[in-house]
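Trainee: Can we go through this one together? I'd like to start with how the chains are arranged.
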There are 2 protein chains.
Amino acid sequence: MIKIALDAMGSDNSPSADVEGAVLAAREFDYDIVMVGDAGLIEKELDKYRPIPENISIHHAPEVISMHEQPVLSVRRKKQSSIVVLANLAKEKKVDAIVSAGNTGAMVCAATLKCRLLPGIERAGIGVLMPTLKGTVLMIDGGANIDAKPKHLLQYAIMGSAYSQYILNNRSPKIGLLNIGEEESKGTGFLKDAYGLLELSGLNFIGNIEGRDIFGGDCDVIVCDGLVGNVALKVSESTAHAIVEMLRRELKSSLLSKLAAILGKSAFYSLKRKMDYAEYGGAPLLGIDGICIICHGSSPSKAIKNAIRVAGEEVIKNVNQHIVEKVT
Amino acid sequence: MIKIALDAMGSDNSPSADVEGAVLAAREFDYDIVMVGDAGLIEKELDKYRPIPENISIHHAPEVISMHEQPVLSVRRKKQSSIVVLANLAKEKKVDAIVSAGNTGAMVCAATLKCRLLPGIERAGIGVLMPTLKGTVLMIDGGANIDAKPKHLLQYAIMGSAYSQYILNNRSPKIGLLNIGEEESKGTGFLKDAYGLLELSGLNFIGNIEGRDIFGGDCDVIVCDGLVGNVALKVSESTAHAIVEMLRRELKSSLLSKLAAILGKSAFYSLKRKMDYAEYGGAPLLGIDGICIICHGSSPSKAIKNAIRVAGEEVIKNVNQHIVEKVT
């Protein structure tokens, strides 16, 4: 049976959201789920979900790396932290995949250090899944590596293409380079060099795309460096949040609009569901020799459950093998 | 009377949207408006708006720089283009401000070359105005300069602070540096250096902010390099567009939700108005020795009119003088 380790101390509401997510996943999927963290705290949480599914177990890890700790230092110092223990389980192949909603930088660092990178890959990248008007787009890198070189962007494209093909079922994923304009001549030297590499890559590279094109859905994989990707991701999340909040305020402004809010409830709910990252579960950290899914710190139990689902899919579809075949 | 020159050949719907915007502005404001472009085409458009306001005139410019032309080359070659003629009018102080919805790169290039930069400023920056939950935030640079150095970000902060104080009436504008995380240690060497300069600047620098903080409105001026700013701007526009489109589709899905759409019409309209960049008019190109407002290519006449209004405000409030005082 596929074995997936979950950081029980990861999310902002840990361990309750994480443990609940694990229980939901254990009930729904045929995976062995190993919860990593403070055994006492986890047991206490688990007690709420009797009968506890048999495919859940606990792996004790007494330390926690908090959200604001410096990634490299904390990974080096806290060898008994849930994140480092998780990475070690993956390294030793004791589990097939790991999932964490904890400190992203620390998880990237631990996973890269312990599992090492796939042959031909020099930097791991976070693949962020975003809803568009025509389906789901994968943006890579969402913030694993902010000092990228052009060849890293090529590697992201290869990894993103494999993920898009085997997990999102796009036969020949269209790759776009996130830039300031569409013309080949646009952007910094870094971006022009990346463009050149992508053009020769044999991938289905469709050229530069702009920030405005992300949600059009004409592209399956968007390649960018981690700083730009991180800003793009967070801006899009916060724009969505601001619009929903503005709409909520407007709909409270009159009796008629309050009625509209009630009548439109299912439409609003359906929209919310489409935009909700919890549906996607988490972001794959691509490029490491292992499978690691990174979740939002604010993940509710549903997001944790879906991240475990996605981790299992990655194992089954053998994405890493496809990446290695494409890159070498 | 304040004299403002408008690129009549600028927008995607030129000259009709541009000319209509000029007519609307001429009727509403006490400005002399000079339309720059193909005189024959402008006259034909103007003919639709009889009686033509007396404060509108035409300055013939036979050439046009299209949206896809390379900025530096086109400015050098097309000396009779509306954009280059516009920049020359500003340089020779024949007008107090210029407005264009044309090729942004070409307008930045022409304005910088002809008008030169203010003393102490080494790069012009586009100041983008964005709605937030608490008012308006100015993000600089929206894409004038994608090879910024840390000191340019300091200059953007000074210019943005002056603009925010004198045009947006924030007494002590809060400045944030757009980064991948809040901690001082975050980001590339470039961003760390910029952080250090901002900390010593005497401005009201509140530290790093993340993409997710832009719309919270806790910051009055957001400083970033042109590539990141351009991506952030376009991602936020396209997220907003995608959400509105998704909501439109959802609201069509049932009879009840169709009714909700009708009852909520004024709320939806009010939201649309808040998010609509046409309300803001355009983005000031800050740092040049002159006043230049850059509009979206897709600007409707209302956006052109508002851009002319904003240009006039900048003249009246003497923003450039305040920038020079702060920077030197």
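Mentor: A definition to begin with: copies are superposed by least squares on the C-alpha atoms of residues with pLDDT of at least 70 in both. The pLDDT cut-off is there because this is a predicted model.

Trainee: OK, what rotation and shift superpose chain A on chain B?

Mentor: The rotation is 180°, with 0.0 Å of shift along the axis, and the RMSD is 0.1 Å. So the two chains are related by a two-fold axis.

Trainee: Which C-alpha of chain A is nearest the axis?

Mentor: That of A:Ala260, at 2.1 Å from the axis.

Trainee: And how many residues are in contact between the chains?

Mentor: 52 residues of chain A contact 53 residues of chain B. Both copies use the same surface, with 100% of the contact residues of chain A recurring in chain B.

Trainee: Which element of chain A gives the most to that side?

Mentor: Helix 8 of chain A, with 20 residues. Helix 9 (255-263) and helix 10 (265-275) of chain A also give two or more residues each. By class, the side of chain A that touches chain B has 26 nonpolar, 17 polar and nine charged residues.

Trainee: Switching to domains. Where are the bounds in chain A?

Mentor: The domain assignment gives domain 1 as 1-121 + 287-318 and domain 2 as 125-281. Their C-alpha centres lie 25 Å apart.

Trainee: What does each domain put into the contact?

Mentor: Domain 1 of chain A puts in 18 residues and domain 2 of chain A 13 residues. On the domain 1 side, helix 12 of chain A has the largest share, nine residues.

Conventions: Residues are numbered from 1 along each chain as its sequence is written. Chains are lettered from A and ligands numbered from 1 in the order in which they are written. This is a predicted model: local features need pLDDT of at least 70, side-chain atom pairs count only at pLDDT 80 or more; totals for chains, interfaces and linings use all residues. Two residues are in contact if their C-beta atoms, placed from the backbone, lie within 7 Å. Helices (H or I, at least four residues) and strands (E, at least two) are DSSP runs, numbered from the N terminus. Ala, Val, Leu, Ile, Met, Phe, Trp, Tyr, Cys and Pro count as nonpolar, Asp, Glu, Lys and Arg as charged, and the others, Gly among them, as polar. Domain bounds come from an automatic or database domain assignment.
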